[in-house]
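Subject: Structure handover

Hello,

Here is the structure I said I would pass on. Please look it over first; my notes on what was found follow below.

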Amino acid sequence: MSKETNRVLGHADESDGIEEYDNPLPDWWLGLFWFTIIWAFGYGIHYHFIANRSQESELAAEMAAADARWPTQAEAMAAALSEFAVTAEAVTAGEAIFTQYCVACHSADLSGGIGPSFLDEEWVHGGQAADILRTITEGVPDKGMVPWGGILSPEQINQVGAYVMSKHSEATGRSIEDIVAAGAPSA
Ligand code: HEC
């Protein structure tokens with residue numbers, strides 16, 4: 001603090017009596033001041049040119065993360081369908097789901113009631129695996145079939161679908177391969 005002169009600049013008359021000393025800035029303050037300027041250059045060069053970041057790329061990365069975290073129902077269905085298989089475990093798990101959620105309308109033996117039977121050759125909304133899973137997911141709200149996509153997980157829908165298809169296959173003799181066959185959904 002030895003650089004202080006405590007000389008008064010003498011413009012109190014211009015500034016409502018507030019006086020100003022003519023003292024130099026303290027070294028620590030000046031040091032911080034220059035440091036922030038040098039830091040800003042270094043950081044700016046690093047941000048834009050070395051790390052190659054930008055607000056656009058940051059936004060894009062956040063949107064991609066959000067899409068992965070909250071897929072649309074169509075994406076979730078497509079992802080689930082690619083994992084769909086009629087396995088013994090899926091059928092067993094599906095039977096429990098069917099008993100809990102579906103028997104009220106499709107009956108315990110799948111012969112139908114309020115909703116249609118799954119034991120005949122008739123499918124209102126298509127009889128390929130992709131159709132059946134889509135009908136279960138999206139429902140037919142106008143006709144009283146619940147959109148289960150909002151209630152069951154894609155895995156559970158796969159399981160209950162596998163159960164319905166295995167029972168349909170047993171009753172009609174139509175092979176699981178034919179039901180699951182890749183190719184365009186039939187409706
Ligand atoms: C509240 C009654 C109700 C419940 C509960 C219900 N469904 Fe349905 N479901 C229906 C009705 C009604 C239809 C016929 C819709 C139509 O005619 O368009 C249907 C149609 C279907 C179809 C399409 C049949 C076809 O011919 O294309 C499938 C598959 C199906 N349901 C599966 C299920 C599964 C799996 C569950 C349980 C997770 C379930 N449903 C629970 C009423 C119900």
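The expected span of a helix is taken as 1.5 Å times one less than its number of residues. For α7, which has 19 residues, that rule gives 27 Å, and the end C-alpha atoms lie 26 Å apart, so the two values agree. Please keep in mind throughout that this is a predicted model.

Domains

The chain is split into domain 1, residues 1-70, and domain 2, residues 73-180. The centres of domain 1 and domain 2, taken over C-alpha atoms, are 63 Å apart.

Just after α7 comes glycine 173, with a positive phi of about 80°.

The largest nonpolar core has 22 residues, and those touching the most other members are Ala129, Leu133, Val160 and Met165. Two or more residues of this core come from each of α3 (73-82), α4 (88-101), α6 and α7. The biggest contribution is that of α7, which gives six residues.

Which residues does valine 160 contact, leaving aside its neighbours within four places in sequence? They are Gly94, Ile97, Phe98, Cys102, Ile136 and Leu152.

The ligand

The ligand is surrounded by 22 residues, of which Cys102, Cys105, Gly115, His125 and Met145 are the closest. Cys102 is also one of the contacts of valine 160. By class, the shell consists of 16 nonpolar, five polar and one charged residues.

Tyrosine 21

Tyrosine 21 lies in the segment before α1 (27-50). Tyrosine 21 and valine 91 are 70 residues apart along the chain, and their C-alpha atoms are separated by 87 Å.

Regards

Key:
Residues are numbered from 1 along each chain as its sequence is written. This is a predicted model: local features need pLDDT of at least 70, side-chain atom pairs count only at pLDDT 80 or more; totals for chains, interfaces and linings use all residues. Domain bounds come from an automatic or database domain assignment. A residue is near a molecule or strand if its C-beta atom, placed from the backbone, lies within 6 Å of it. Ala, Val, Leu, Ile, Met, Phe, Trp, Tyr, Cys and Pro count as nonpolar, Asp, Glu, Lys and Arg as charged, and the others, Gly among them, as polar. A nonpolar core is a set of buried Ala, Val, Leu, Ile, Met, Phe, Trp, Tyr and Cys residues joined through C-beta atoms within 7 Å. A residue is buried if 20 or more other C-beta atoms lie within 10 Å of its own, exposed if 12 or fewer, and partly exposed in between; C-beta atoms are placed from the backbone. Helices (H or I, at least four residues) and strands (E, at least two) are DSSP runs, numbered from the N terminus. Two residues are in contact if their C-beta atoms, placed from the backbone, lie within 7 Å.
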